[in-house]
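This briefing is for a reader new to the structure shown below. The notes after it are grouped by topic.

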Amino acid sequence: MKYYGMTEPGNHLGVAGLGGLGHVAVKIGKAFGLKVTVISTSQKKEAEAINRLGADSFLVSTDPEKMKAAMNSMDFIIDTISAVHSLVPLLGLLKLNGKLITVGLPEKPLELPVFPLVAGRKLVGGSDFGGMKETQEMLDFCGRHNIRADIELIRLDQINTAMERLAKSDVKYRFVIDVANSLKGRLE
């Protein structure tokens, strides 16, 4: 977010996808003082996005009327979606000079239409994690703002169940394996 200039309070950030990366993007965006809108295909995530994570608004991407009303309203969008999806609706939400940054990793390439980029002077970029310095800055920032990833702690013997739940998108928001407690008694 820092690299792409997404730290100026008052700017409007869209977060596409409310999963493992998306829920943290909402928290960090709010800590930067951004207006944050969660963009999702699932209306059932609205209460979670607004009441629990602090998003300012929620946009159902499958609702044509609401998408049309939100056109040209966002300065930035962080696309955390890991499934194959169209970028056209997201590009339409960006203001002139808006930036769409992808961090989700779909298994197949996404189609990138050029016309919306040229017509709106829009930028599409990507980001992975930074080096040691950037990672430490992010951890320090999160520590100062009490930002934590929401996880479900599981034992090693729960991995198969976790994988089944993951396939059904039934996780809030990441599984973390408690290796130390899973191995207690086995190594003694």
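**Backbone, pairs and surface**

At 42% relative accessibility, N97 counts as partly exposed (buried means under 20% relative accessible area, exposed over 50%, partly exposed in between, with a 1.4 Å probe and protein chains only). This is a predicted model, in which local features need pLDDT of at least 70 and side-chain atom pairs count only at pLDDT 80 or more, while totals for chains, interfaces and linings use all residues. Residues are numbered from 1 along each chain as its sequence is written, and side-chain values use heavy atoms, with hydrogens and water left out.

**Backbone angles**

- N97 has a phi near 70°, a positive value in a residue other than glycine, and its place is in strand β5 (residues 94-102). Helices (H or I, at least four residues) and strands (E, at least two) are DSSP runs, numbered from the N terminus.
- N72 also has a positive phi, of about 55°, although N72 is not a glycine.
- N72 sits in the loop between α3 (64-69) and β4 (74-79) and is partly exposed at 49% relative accessibility.
- The peptide bond from K172 to Y173 is cis, with omega near -15°. Y173 belongs to the loop between α7 (159-167) and β8 (174-177).

**Strand pairing**

- Strands β2 (residues 35-40) and β3 (residues 57-60) run parallel and are joined by four bridges; two strands pair if DSSP finds at least two bridges between them.
- T37 has S57 as its bridge partner in β3.
- From β2 the chain passes through helix α2 (residues 46-52) to β3, a right-handed β-α-β crossover. Right-handed means that, with the strands pointing away from the viewer, the path from the first strand over the helix to the second runs clockwise.

**Salt bridges**

- The whole structure holds 10 salt bridges, each a side-chain nitrogen of Lys or Arg within 4 Å of a carboxyl oxygen of Asp or Glu.
- One of them joins D150 and R52, with the closest N and O atoms 2.9 Å apart. D150 lies in the loop between α6 (132-144) and β7 and R52 in helix α2, so the pair ties together parts that are 98 residues apart in sequence.
- D150 is buried at 13% relative accessible area, whereas R52 is partly exposed at 48%.
- R165 pairs with E152, the closest N and O atoms being 2.9 Å apart. This pair links helix α7, which holds R165, to strand β7, which holds E152, 13 residues apart.
- R165 is partly exposed at 23%, and E152 is partly exposed at 22%.
- D157 forms a salt bridge with R155, the closest N and O atoms being 4.0 Å apart. D157 is exposed at 57% and R155 partly exposed at 36%.

**Aromatic pairs**

- Two aromatic pairs are found in the whole structure. Rings of Phe, Tyr and Trp (its six-membered ring) pair if their centres lie within 6.5 Å; planes under 30 degrees apart count as stacked, over 60 as edge-to-face and the rest as tilted.
- Y3 and Y4 have ring centres 4.9 Å apart and planes at 90°, so the pair is edge-to-face.
- Y3 is exposed at 73% relative accessibility, whereas Y4 is buried at 14%.

**Nonpolar surface**

- I151, L153 and V176 make a nonpolar surface patch of about 250 Å². Patches are made of residues with over 30% relative accessible area and no salt bridge, with like charges joined within 9 Å and nonpolar side chains (Val, Leu, Ile, Met, Phe, Trp, Tyr) within 5 Å. Accessible areas come from the Shrake-Rupley method with a 1.4 Å probe, and for residues only the protein chains shown count as cover.
- L153 is found in strand β7 (residues 151-154) and is exposed at 53%.
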